[in-house]
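Reader: Could you please walk me through this structure? I am new to reading such models.

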Amino acid sequence: GIFNRSYYEEAVTVRIHPEFLEKQRLPPRCVTKSIWDERLEDIARFEGYLARNGVLVRKFFLHVSKEEQKRRFLERIEHPEKNWKFNSSDVAERAHWDEYQRHWSTAIARTSTASAPWFVVPADKKWFTRLLVAEAVVCGLEELELDFPRLEGARRKELEGARRALESERAPRSRR
């Protein structure tokens, strides 16, 4: 499965916008000075749990520079076929650029582990980004050492019987 931001928003965006946390109506005992550390710890433990249960966890932070983000936003505004991608609230969020960078750096540092690593990928050039992500995905799949199942015993005999039945069928006559 692929999570697009997912629970990391709870440790980054919500930290920048405390009003989002207030809307969650958490019990007061849960909203402590250490809430952000606890959330990052919970994420790392959850991903560790997934890995111990055979899930391959790979996380990608596609780092777009502020200048490239601006260029892409302007392109989305200028080209009608890309207007649907644009959200004016993204422009307002640029005012928090430094905070986002700081909190994402902390989240990545605190949750990148051997079993659930982060890949911080330069994303100003889409072709290069795609190449790096594809390489990391392929390497991860190779780590799984996947093979097709081998059939033995009764199942193998069943296949041989099916082969004989198919090969003994008469070819259909052609109509002319």
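Reader: What radius of gyration does the protein have, and what would a compact globule of 176 residues have?
Author: The protein has a radius of gyration of 25 Å, whereas a compact globule of 176 residues would have one near 16 Å. The radius is taken over C-alpha atoms, and the globule rule is 2.2 Å times the number of residues to the power 0.38. Along its principal axes, the C-alpha trace spans about 75 × 45 × 30 Å.

Reader: What should I know about the model itself?
Author: It is a predicted model, in which local features need pLDDT of at least 70, side-chain atom pairs count only at pLDDT 80 or more, and totals for chains, interfaces and linings use all residues. Residues are numbered from 1 along each chain as its sequence is written, and side-chain values use heavy atoms, with hydrogens and water left out.

Reader: How many helices and strands are there?
Author: There are eight helices and two strands. Helices (H or I, at least four residues) and strands (E, at least two) are DSSP runs, numbered from the N terminus. From that end, the order of elements is α-α-α-β-α-α-α-β-α-α.

Reader: What percentage of the residues count as buried?
Author: Of the 176 residues, 23% count as buried. Buried means under 20% relative accessible area, exposed means over 50%, and partly exposed lies in between (1.4 Å probe, protein chains only).

Reader: Is His103 buried or exposed?
Author: His103 counts as buried because its relative accessibility is 10%. His103 sits in helix α6, residues 97–111. Leaving aside residues up to four places away in sequence, His103 touches Val12, Arg15 and Ile16; contact means heavy atoms within 4.5 Å.

Reader: And what about Arg72: buried or exposed?
Author: Arg72 is buried, since its relative accessible area is 15%. Arg72 belongs to helix α4, which covers residues 66–78. Again not counting residues up to four places away in sequence, Arg72 touches Val64, Ala123, Asp124 and Lys126.

Reader: Changing topic, how many disulfides are there?
Author: A disulfide is a covalent bond between the sulfur atoms of two cysteines. Here a disulfide is counted as a pair of cysteine sulfur atoms within 2.5 Å, and the count by this rule is zero.

Reader: Why is Cys30 called partly exposed?
Author: Cys30 is called partly exposed because its relative accessible area is 28%. Cys139 is partly exposed too, with a value of 31%.

Reader: Lastly, what share of contacts joins residues at least 24 apart?
Author: Among contacts between residues at least 6 apart in sequence, 67% join residues at least 24 apart.
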